[in-house]
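Me: I've got a model open and want to talk through it. Can you take me around?

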Amino acid sequence: MAPYIGKPTSRVDGHAKVTGGAKYAAEFNVRDLAHASVVTSAIARGRIARIDPSEAMRVEGVIDVLTHRNRPPMAASASAYRDDVGPENGSPFRPLYNDKVAFSRQPIALVVAEQPEIARFAASLVRVDYEENKHVTDLFRRGNKIVVLDDPAAPRGNAGKAYAESNVRVEAQYFVPMEHHNPMELYAATAVWEDGKITVYDKTQGVQNVHRYLCSVFGMKPDDLRVLSPFVGGAFGLGLRPQYEAVLAVLAARALKRSVRLVLTRQQMYGLSYRPATIERLAIGANAAGTINAVTHEAIAITSRYEDFARNDTAWSGLLYKSSSARYSHKLAKLDLPTPSDMRAPGAASGVYALECAMDELAVALNVDPVELRYRVYSDRDQNNDVPFTSKRLRECYRQGAQAFGWDKRNPAPRSMRDGGELVGWGMATGVWEALQMNTAARIVLTANGHAEVACGTSDIGTGTYTIMTQVAADMLGLPLENITVKLGDSVQPQSPVEGGSWTAASVSHAIAAAAAEIKRELLRLAKAAPESPLRGLKVHDVALADGNLADRRDARRFVSIADAMRYGAMERLEKESSADFKDDSAYARNTHSAVLAEVRVDEELGVIRVTRIVSAVAAGRILNTKTARSQI
Amino acid sequence: MINFQYSRASDVADAVRQISAERAAKFIAGGTNLIDLMKEDVERPSRLIDISRLPLKTIEETEDGGLSIGALMSNSDLAYHPLIAQRYPLLASAILAGASAQLRNMASAGGNLLQRTRCAYFYDLATPCNKREPGSGCSAINGVNRMHAILGTSHACIATHPSDMCVALAALEARVRVTGTAGDRVIEFADFHRLPGKTPQRDTNLRSDEIVTAIELPAQGFAANYTYLKIRDRLSYAFSLVSVAAALELESGTIKEARLALGGVAHRPRRDAAVEAALRGQPAGRIAFAHGADMLLRDARGFAHNGFKIELAHRCIVRALTQAAQSTPQSQSDKRIR
C-alpha cells in the first residue's frame, strides 16, 4: 500500500516559498546583528605586500576590518580544512589565512559594520598593495603544469591496436568551457553569537559537513556550534563543500563576540568555484557492421594549484557501449584559479557530451541512424567491471523517446531538413549517471494524536526532498500527508551526507522506512499489551500501518489505532532513530539512463541558433514523485 | 558612505534650476541604469533630482503631422501606445527588442537616450577606462572586446551605445526637445549622441544644465515597410551584437525613400544619409541592399574579438532591408528570424 509514493504530489514547502515564509541564510534576523562585506583580491597570483584598513576604519559605523594580520586564531594545518567531499590530494584553501593570493577574487579582508551598506562602502576603501606574480588561467597555454592521474578505470584489451585495425575510425576533440553555478540565492551566512556558542545559518548542501569543518577550523566543540540551512535557493553542487562565507561569518562573530552576517555579491560568487574547463579527446574504432572495437577517451581538465580536483569524465565511454577494448586517461592542468567543484553530474556532463558527439560522428561515418547505432552497440553489462546492472531500461528510453519525438521522420542527409530560411537538425544523445545510495539516518517522533515529525540532517536544494520525505513517511506510517512534518537542514539532526550525487532520495527514503519499521515494532508491542488485543500473537511482518491504524495484514478489521496503542502503553510520544546502511555491493552496476532528442534550428546566414524542441526519456528506477521528478529534467 | 541629496523637481523650470545649481547632481527618472552605476560606484552624483513626477508622460500630435513623446513616458507605455504601434511600429518594435518587461515598465523615454555603455571595463573599477576616468586609458582596445564598436572608434574608447530604441529614433529622424537655462532648443537626433573622439566621457551634446522634455517624430512613420532586426548572443534579454532599423518607402518595387540605422556597432546609432540617397531610385532587391551595406560599413574596423561584426552587420542589413521590403518585419516575441 503506497497511496503517496509515486504520485504527483505538490511541494509541501511550496506555499512557504512563494509567500516568503521560507527563510534563507541571509534572512535570519537577531538583535545586535553586525554586517560584513568581503574585500577580494584584484590579482590572480602573488602576495599581499601591504593592506591598509585605516581609511575604512574611519568610516562611521565600521566595527572592525579583519585581515590575515589581525584575525583571531584559526587552525594552521591544512588538514584541518578538509571536508567530506573535497579533493584528497592537495591542501584546501584557508580563507584570510596568510598573505598569499592564489586566485582572482580571493577573499583578503572582511569589513564588519553596523549596516550592510556601510560595510560594503568601507570595503571599497581598504587599500591593498600586491606583489604580483605571473599568472596562468588558460587551459590551452603551452607549458602548463600538467598532472597525470591514475586511470579512471582499468583498461581492457589493446585499444591502440584494435583502433588501428578498425575499418572505420573516428577521432575527435571537444572543449567544454568553464561553467559557473551562480544559483539565484546569494551565498550568505548569518552567525548568531550566544555566550560563546554559535549558530550558523549557512547556504549549503550539507549542514553536517559545514559543522565538522567549522569545528575543525576553529577548534570548537561540536556542541558549541550548530549549522542550519532549512532552505536553499539553488546550489547545483557549489554548496557541497563549505564555502568561505561560513568561515568568515564565524571568524567575525568570534572576533567581535557578536552576531555577524555576511552576504556575497553576485560578482563575488564567481570567485567561489566552477565546473572545470576540459579538453576531451576520443578515438572510436568500429567495423562496417557498426560494432565498436576500441574506445579511447582522454580528458585534460583544469584545477587549482593547491588541490587536484578530478571526476570521472572518461570511463563512461567504455561503460555505455559494447566495446572489446577501452582505455582512459585523465590529466589536470594546474592553473591560478580556485579549485573547481562538483556541478550537475560532474565529470559525466563533460565526458558523456564528448562521447555522444563522437558517436554522432561515428554514425555518419558508418551511414547508420544514430539511434540504430546505439542499439547495435548496446551493452547489458557494465564492461568496466564486467557486472550486470541492477536495472537498465535504456532501450525503452530510446524507443519511447524516439516515438514521442517523431524520430522516424528524420532525414539523415546533412542540410536536408529546412523550414523557411532555417536549417533544421534533429539529434540525440544518451545520458548516464550513477544511482548511488549513501548511509543516512532519520528519526521519527510519533505523537499520540497521530502526527509524526521526521528529521534528517540532509538538505533540500530545490529538488523536493521535503516533499518526498513527507510522502515516504506518510506511506510507511500509514498517515495522511498533512500529519507529517519534515525537519531537515540542521546539524543536530540524524547524520546524513551532503545532498548531492543524486543519492539523497534513494538514501533518506530507506532511512525513513527503517525508522518507521522501528516505530511499527514498538506500536505492535504496545498494541499486544492491551487487554483482548486483536493483534495478539501476530509478528511484525503480519501487521501493517494504514489509515492511522496498526492492522492485521490478512484481516484489516483486526486493528488497533495508533492512538489506542500509545494509550495502552501510556506513551505520549514514540521516538525512533534508524539508519539505512548500504553495503558496497560490487556484483552489480547501478546507473540511471536516459535518451535525449533535440531539434535545433539554425539561421545559417546570421548564425542564429534556436533549440526548439527537447524530448527526454529517463530510466531512473522507481520515481517517488512524478511532479518533482519532472521538474528535474 | 557616499551620501547624496535627494530632491524633487516641481516643474521643468525647477529641474533646470536645480541641475544648474549643482554640478554633480543628476536627474533620476526610472533609475534603471543610474542606480546600477551608483551601486557599482561608477556614478557618484551629489544629488538626485527626481523628475519622475513631472507631467511629461503624454503623446501629442504636432503641427507637422508628427508626434511629440513626453520624455517621462515609460518605454512600455510608449511601445504599446496605439499611435506608436500604428504609425511608428519600427519604434515600438525596437523598444520591445530591448531589456525585459520589468525594465521597460520603469525606464523612461528620455532616460533611454541617456543610458550609458555596458562596456564591462566601464563598470569594473579595477581597470582603466577613459569614459569613467578620462586619461586613464582604454582597457577594451586590447582587452575582451567582443561586444565593442567597429565604427567611429577612437584611441580613447571603443564602447557602444546600448540602446535599441535610439536606433529606431535615428532611422525615423527624431528630434530631441530640451530645456536649459538659456531656454528651449531642438537637437536633431543625429546630433544628439557623440562619437568618443578624445572625450569619451561625454556621451551626448546635451548641456549640463539641460533636461530632455520630449522626443519628436516627424510625420513619416514607414508603417508599411520597416523592421527592427537585433542579433545577440542569446535571443532575449541581451544587448545587441548588431541591430538594424530599416524603413523603406516603395513605389512599384523601387525605393522612393530609405532609412537605415545600425545599433551595437558604434558609440551612437550609425546612420549615413549618403547610403540612403544611394538606395533611392534603386529596385528594392539584394543588389541595392548589399551595396548599401557595403557603403555603411566601408570604414568598419574590427578588434581582436569583434571582427565578425563587420560581416554579421552586412548580412543583417541585407536581411533587414529584405524584411522591410517584403513587409515581413521581425517579430520581437517569436524569435525565429524572418
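Reply: Helices (H or I, at least four residues) and strands (E, at least two) are DSSP runs, numbered from the N terminus. This is a predicted model, where local features need pLDDT of at least 70, side-chain atom pairs count only at pLDDT 80 or more, and totals for chains, interfaces and linings use all residues. Residues are numbered from 1 along each chain as its sequence is written, while chains are lettered from A and ligands numbered from 1 in the order in which they are written.

Me: Which residue in E8(B) is opposite Val176(B)?

Reply: Ile215(B). E6(B) is joined to strand E8 (residues 211–217) of chain B by five bridges, again running antiparallel.

Me: And what about E3 of chain B, which strands does it pair with?

Reply: Strand E1 (residues 5–8) of chain B runs parallel to strand E3 (residues 47–50) of chain B, with four bridges. Arg8(B) faces Asp50(B) there. Strand E2 (residues 25–28) of chain B also pairs with E3(B) in the parallel sense, over four bridges, and Ala25(B) has Arg47(B) as its bridge partner.
The chain gets from E2(B) to E3(B) through helix H2 (residues 34–39) of chain B, and that β-α-β crossover is right-handed. Right-handed here means that, with the strands pointing away from the viewer, the path from the first strand over the helix to the second runs clockwise.

Me: Switching to domains. How is chain B divided?

Reply: Into domain 1 (5–52) and domain 2 (226–325), with bounds that come from an automatic or database domain assignment. Their C-alpha centres lie 36 Å apart.

Me: What's in the largest nonpolar core?

Reply: That core has 98 residues, and the ones with the most contacts inside it are Leu90(B), Leu91(B), Ala168(B), Ala245(B) and Ile317(B). A nonpolar core is a set of buried Ala, Val, Leu, Ile, Met, Phe, Trp, Tyr and Cys residues joined through C-beta atoms within 7 Å. Buried means 20 or more other C-beta atoms within 10 Å of a residue's own, exposed means 12 or fewer, and partly exposed is in between, with C-beta atoms placed from the backbone. H13(B) supplies the largest share of the core, nine residues.

Me: Where does that core lie relative to domain 1 and domain 2 of chain B?

Reply: Between them, because both domains give residues to the core.

Me: Which residues does Ala245(B) touch?

Reply: Skipping neighbours within four places in sequence, Ala245(B) is in contact with several residues, including Leu90(B), Ala168(B) and Tyr228(B). Contact means that the C-beta atoms, placed from the backbone, lie within 7 Å. There's also a second, separate core of 82 residues, with Tyr81(A), Val217(A), Leu228(A) and Leu238(A) among them.

Me: How many residues are in contact between chain B and chain A?

Reply: 12 residues of chain B are in contact with 12 residues of chain A. On the chain B side, helix H13 (residues 308–325) gives the most, three residues. By class, that side has seven nonpolar, no polar and five charged residues. Ala, Val, Leu, Ile, Met, Phe, Trp, Tyr, Cys and Pro count as nonpolar, Asp, Glu, Lys and Arg as charged, and the others, Gly among them, as polar.

Me: Over to chain A. Is Val210(A) buried or exposed?

Reply: Buried, because 30 other C-beta atoms lie within 10 Å. Val210(A) is in helix H5 (residues 207–218) of chain A. Its C-alpha atom is 5.3 Å from that of Pro242(A), 32 residues apart along the chain.

Note on methods: Two strands pair if DSSP finds at least two bridges between them. Two residues are in contact if their C-beta atoms, placed from the backbone, lie within 7 Å.
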